[in-house]
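Have your viewer ready and your selection tool at hand. We will go from stop to stop, and at each one you will hear what to pick and what is there.

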Amino acid sequence: MENNFKITSEVIKESKCDDLYFIFYKDSILIKFIENGVFIPTKFEVEGFNPFFEDKFYIGELDGKACFALETSRELQLKEGFEFVKLRECGLLLDENLFTIAGRAKQIIHWDKTNKFCGRCGTKTENKVDERAKICPHCNNVMYPVICPAIIVAVTKGDKILLAHNKNFVSGRYSVIAGFVEAGEDLESAVKREVFEEVGIKVKNIKYYNSSSWSFPNSLMIGFFAQYEAEEIKVDGKEIECADWYSKDDLPDIPENFSIAGKLIRKFLNGLN
Ligand SMILES: [Zn+2]
């Protein structure tokens with residue numbers, strides 16, 4: 001993917017008519033359906049819906065247009081062609097750049113909502129003007145957006161890949177193993193621990209693949225490949241209901257390509273080298 005989106009150190013910017021407004025209502029985002037695709041509305045278009053926004057966050061720039069994250073607490077009077085769509089469903093609709101920016105917008109809105117008051121003394125916080133942070137005017141506690149690192153790993157055994165069904169997946173869906181990194185833990189140890197906890201096997205030759213922001217609600221997914229080393233599959237029965245080795249021509253239903261899980265599995269299908 002060519003990534004034209006730039007995050008800058010600025011946190012405040014005047015908005016112009018053709019800037020992009022990433023507007024959330026509950027867990028849905030406003031998008032615009034037109035003949036040749038699906039887009040994010042501009043400030044000019046949104047102003048026609050008589051909106052009210054408590055706050056507006058500048059989150060970066062795409063092809064010379066400033067991008068803003070906003071939230072509305074009430075429904076807007078939308079014109080034809082505009083619709084609020086659940087962010088998860090946008091992975092299949094929006095271009096990958098726009099989906100990534102929408103994810104960043106959602107994380108900033110989530111951070112804003114969950115840090116209105118100081119976690120140390122309870123005073124109402126204020127937005128800092130020189131960096132993306134909130135500050136408590138009483139005790140000077142500074143609150144940055146929280147990002148939770150999680151590992152995701154495709155384990156291979158010869159020409160087969162380990163795929164597991166998590167109890168939270170839709171019926172028939174299988175994916176690779178994933179889990180949050182513990183405080184004080186390095187990434188390789190997290191890979192080994194998660195695989196052993198969830199499916200009871202040991203892995204070796206852990207290799208970094210790629211990383212991806214995942215905004216449900218605020219993770220950074222760090223993707224790896226690893227090779228099977230020892231032990232038989234034994235699922236934990238809590239998160240993972242079943243798991244098995246699958247060959248390329250015998251795959252179950254797998255995640256879409258906009259997720260890093262989907263990308264890892266397709267990389268395996270296309271050959272690892
Ligand atoms: Zn405080």
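Start by selecting Cys139, which is partly exposed, with a relative accessible area of 23%. Keep in mind as you look around that this is a predicted model.

Now bring up the zinc ion together with Cys139. Which residues donate to the zinc ion? Its protein donors are Cys118, Cys121, Cys136 and Cys139, each through SG, and they lie 2.3 to 2.4 Å from the ion. Turn the view around the metal: the 4 donor atoms subtend angles of 100 to 120°, so the arrangement is tetrahedral. For comparison, the ideal angle for four tetrahedral donors is 109.5 degrees.

Is Cys118 buried or exposed? Cys118 has 5% relative accessibility and therefore counts as buried. Cys121, at 35%, counts as partly exposed. If you are wondering about disulfides, the count comes to 0, with a pair of cysteine sulfur atoms within 2.5 Å as the criterion.

Show the side chains and look along the strand. In a regular strand, side chains alternate between the two faces of the sheet. On one side of β2 you will find Leu20, Phe22 and Phe24, and on the other Tyr21, Ile23 and Tyr25; both faces are covered.

β2 and β6 run parallel and are joined by 5 bridges. To see how they line up, pick Phe22: it stands opposite Ala69 in β6.

β3 pairs with β2 in the antiparallel sense, over 2 bridges. Tyr25 has Ser28 of β3 as its bridge partner. Finally, zoom in on the turn of this hairpin, which has 2 residues between the strands; there, Lys26 takes a positive phi near 55°.

Note on methods: Residues are numbered from 1 along each chain as its sequence is written. This is a predicted model: local features need pLDDT of at least 70, side-chain atom pairs count only at pLDDT 80 or more; totals for chains, interfaces and linings use all residues. Side-chain values use heavy atoms; hydrogens and water are left out. Donors are N, O and S atoms within 2.8 Å of the metal (3.2 Å for Na, K and Ca); water is not among the atoms, so sites may look incomplete. Four donors count as tetrahedral if all angles lie between 85 and 135 degrees; four count as square planar and six as octahedral if opposite donors are over 155 degrees apart and all others between 65 and 115; anything else is irregular. Buried means under 20% relative accessible area, exposed over 50%, partly exposed in between (1.4 Å probe, protein chains only). Helices (H or I, at least four residues) and strands (E, at least two) are DSSP runs, numbered from the N terminus. Two strands pair if DSSP finds at least two bridges between them.
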